[in-house]
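My notes follow in the order I looked things up.

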Amino acid sequence: MGEKIGFIGLGNMGLPMAQSLLSEGNEVYGVDLNKDAEAALLRSGGVIGLSINNIIKQVNFIFTSLPSMKAVEEIYLGEEGLITKAREGIVLIDTSTVAPSLNQKLAEEAKKKSIHFLAAPVSGGVIGAENRTLTIMVGGPKQAFEQSQPLLNILGENIFHVNERIESGTAVKLINNLLIGFYTAGVSEALNLAEKSNINLAQLFEMLNVSYGQSRIYERNYKSFIANEDYRPGFTLQLLNKDLGFALDLAKEHELQLPVSELLLNIYKNAENEGYGSQDMAVLYEKVKNDQTKNAKETGMKE
């Protein structure tokens with residue numbers, strides 16, 4: 001007999017994670033503002049239609065996968081929130097990526113009520129969630145981690161308990177996404193340089209994929225998005241921009257100056273302000289190309 005689990009947030013990441021838990025014989029109670037997402041969980045054998053308050057009474061574990069800090073804070077600390085209503089001993093696991101300060105705030109409130117809380121951001125994107133190959137970086141009490149590990153093992157291939165500091169997993173995730181920001185910008189500029197040099201991008205990928213220029217982000221961004229000229233999001237530029245901001249905030253907390261990272265953040269802020277935010281982060285390649293075309297036209301007009 002499996003566990004009884006609540007899952008709040010059935011978006012691009014949350015729904016396949018909830019479905020994976022179902023596939024291993026667990027009973028999953030789902031909640032999402034999007035009724036189509038709830039219906040998809042129902043078709044997979046999940047339970048919908050219960051309030052969060054009622055779900056808390058039924059389950060031993062609740063996962064959350066939410067798009068913003070505001071949503072996370074409301075779900076956990078609102079009048080009908082998880083920590084507000086949860087009973088002693090329940091395990092709450094947030095897979096969202098939020099500021100470390102919010103992890104700390106939630107952990108402090110959970111501790112007051114003897115509720116176990118883990119901050120467990122994930123990496124691997126929608127494909128990782130669907131294929132159950134996610135990397136999960138967990139911060140929080142070791143006992144709660146060990147209690148939750150069988151469920152985490154269903155969701156991903158690489159499960160790490162970073163340490164008992166609640167924000168430790170989030171720090172690793174933000175460092176990871178800072179590197180993703182660098183790689184995405186590097187791929188965008190390098191491929192534009194290649195095109196201007198009359199180098200076929202498919203051939204370039206074959207060569208660099210067996211050279212030190214290879215990276216998983218290069219493979220992802222080029223093969224899944226740039227080569228197909230299709231930027232329907234797996235991970236939006238807007239979300240990457242948000243995480244880069246959190247990473248720079250973390251650096252400031254430690255009194256670190258990261259000048260190159262600050263320039264990188266400005267690049268993504270500008271891209272979002274110019275309307276690229278809702279597309280996949282790989283669309284930065286198109287922004288670089290469009291900027292070059294615009295600059296060339298402006299130079300021609302001046303001449």
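I looked up the largest nonpolar core and found 32 residues in it. Phe7, Leu21, Val28, Phe63 and Ile136 have the most contacts inside this core. I kept in mind that the model is predicted.

Next I listed the elements that give two or more residues to this core: strands E1 (4–8), E3 (61–64), E4 (91–94) and E7 (134–139), and helices H1 (14–23), H2 (35–43), H7 (125–131) and H8 (142–155). H8 supplies the largest share, six residues.

I then took Phe7 and left out residues up to four places away in sequence. Phe7 touches Gly14, Met17, Ala18, Leu21, Val28, Tyr29, Gly30, Val31, Phe63 and Ser65. Apart from this core I noted another, of 29 residues, with Phe225, Leu264, Ala271 and Val283 among them.

Helix H9 (residues 168–196) gives the most to the patch, four residues. Phe182 lies in H9. I put Phe182 down as partly exposed because its relative accessibility is 30%.

Last I checked helix H12 (residues 237–253). Its 17 residues reach 25 Å from first C-alpha to last, close to the 24 Å expected at 1.5 Å a residue. I noted buried residues in H12, including Leu237, Leu240, Leu244, Phe246, Leu248 and Leu250. Asn241 and Asp243 in H12 are buried as well. Glu255 follows H12, and its phi is positive, near 55°.

Conventions:
Residues numbered from 1 in each chain as written. Predicted model: local features only at pLDDT ≥ 70, side-chain atom pairs only at ≥ 80, totals over all residues. Heavy atoms only, no water. Core = buried A, V, L, I, M, F, W, Y, C linked by side-chain atoms within 4.5 Å. Buried < 20%, exposed > 50% of the residue type's maximum accessible area, 1.4 Å probe, protein only. Contact = heavy atoms within 4.5 Å. Expected span 1.5 Å × (residues − 1).
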